[in-house]
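User: Could you walk me through the charged pairs here? I'm new to this, so please go slowly.
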Amino acid sequence: MASDGGRKQFWKRSGAKVPGSIQHVYGAQHPPFDPLLHGTLIKPGSKPPTTPVKLKKVSTFQEFESNTSDAWDLGDDDDELLAIAAENLNTEVVMETAHKVIQNHSKLQEQHKFQEEHLQEEKQVESAELTSVACGDNRLVKSVSEGHASSSSEELRKLSWSGIPKRVRPIAWKLLSGYLPANVDRRESTLQRKRKEYFAFVEQYYDSRNDESHQDTYRQIHIDIPRMSPEVLRLQPKVTEIFERILFIWAIRHPASGYVQGINDLVTPFFVVFVCEYIEEEEVENFDVSSLPEEVLQNIEADSYWCMSKLLDGIQDNYTFAQPGIQKKVKMLEELVSRIDEQVHRHLDQHEVKYLQFAFRWMNNLLMREVPLRCTIRLWDTYQSEPEGFSHFHLYVCAAFLVRWRKEILEEKDFQELLIFLQNLPTVHWGNEEMSVLLAEAYRLKFAFADAPNHYKK
């Protein structure tokens, strides 16, 4: 009896929750209500109950079972569960949330895809650039070493425009300047003949440096050499001796112009490049030139003289009396800048800054005092590849160089500050990248104005 009473008592309904009772369950047993899937289950016009249905009190298992519907069972109780769920969920909120999730997921997928494609493109571009540079260098080396005709010379100019590899630059410059013939078979004999000819000039003229008629020329050369750049190179006695001979012989052999301040700077790039032919050091400026054999130094000196002479033949009117070539180029620069950037031109004019006050040196020294020596050498790769590079193309490089600083120029509101800035431009950290951009802009200007000079005439 006691056991029967215990069973009866066991199946009496208690206040605690028991398995199988009707509850708002969301998750594995009953997913959240989705109006897209279950919209048809809600009867039109029917209103979900606002209060929970009060269950009849049961005392036996059979009564409990008949009033209980398991989540896995299918029956009319599903409508009741869906109605309860609909009461707690707003359709618009559900749709908006789902839309945001889909959007976020799509964006993430697109970002991942874009990043992967971008990374792949970068790898392809880098590979293509390396291949292109390598192929260009190989073609340049081949052009330098296997030249036989004028077509080879033209190809060399095209390949050299974007920069010459250091290992072939000495011979490339000799070819581009016209010092060496394109025919390989004639090069060695030409070098020997020209080197002998130079030292015949030295023997003939150099002793006359102390004559009264030449004293002023030699004195000015002796004063200017310590002003050259780079400082470490110019302080070496052997370098000073070589430069004095080169400049004095050139002045004696070109009486129409004689020696003019600024010509001394034009020897340096040739000298440094030709020294690189015999050494492996990266920084030539710190190399002790006197450690090279005497015969090597003589070859470097003679080659530097002849290449500098070839350069000056194209711009000699820059150094004749009153330097008319420079005067003309500065005027052309002013007219060109007034057309390509009128705001900069007007700003300089308003503050009474004359182009001759800063651009004279740009023309006289071919920008050597404005950029580091490494940049000058890169610049000259292109100048020697361009027809009339040192005279004509240099004008467009100067225009691009000035406009490059337009932001800083327009910020200066005082004559003195403007002039100080233009005479001390911050290019100390410049390298090949900056020079390539400058040359590309100069080429664009040349393309637009060179064949239509009236474009930059007011």
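Analyst: Let me begin with the term itself: a salt bridge is a side-chain nitrogen of Lys or Arg within 4 Å of a carboxyl oxygen of Asp or Glu. This is a predicted model, in which local features need pLDDT of at least 70 and side-chain atom pairs count only at pLDDT 80 or more, while totals for chains, interfaces and linings use all residues. Residues are numbered from 1 along each chain as its sequence is written, and side-chain values use heavy atoms, with hydrogens and water left out.

User: How many salt bridges does a search of the whole structure find?
Analyst: The search finds 19 salt bridges. In one of them, Lys174 pairs with Glu277, and their closest N and O atoms are 3.1 Å apart.

User: Where do Lys174 and Glu277 lie?
Analyst: Lys174 is in helix H7 (residues 169–176), whereas Glu277 is in the loop between helix H12 (267–275) and helix H13 (294–314), so the pair ties together parts 103 residues apart in sequence. Helices here are DSSP runs (H or I, at least four residues), numbered from the N terminus.

User: Is Lys174 buried or exposed?
Analyst: Lys174 counts as buried, at 2% relative accessibility, and Glu277 as partly exposed, at 38%. Buried means under 20% relative accessible area, exposed over 50%, and partly exposed in between (1.4 Å probe, protein chains only).

User: Switching topic, which residues are linked in a network of salt bridges?
Analyst: That network links Lys238, Glu241, Arg245, Glu294 and Glu301. Arg245 and Glu301 meet in a salt bridge at 2.8 Å, N to O, and both Arg245 and Glu301 are buried.

Methods:
Helices (H or I, at least four residues) and strands (E, at least two) are DSSP runs, numbered from the N terminus.
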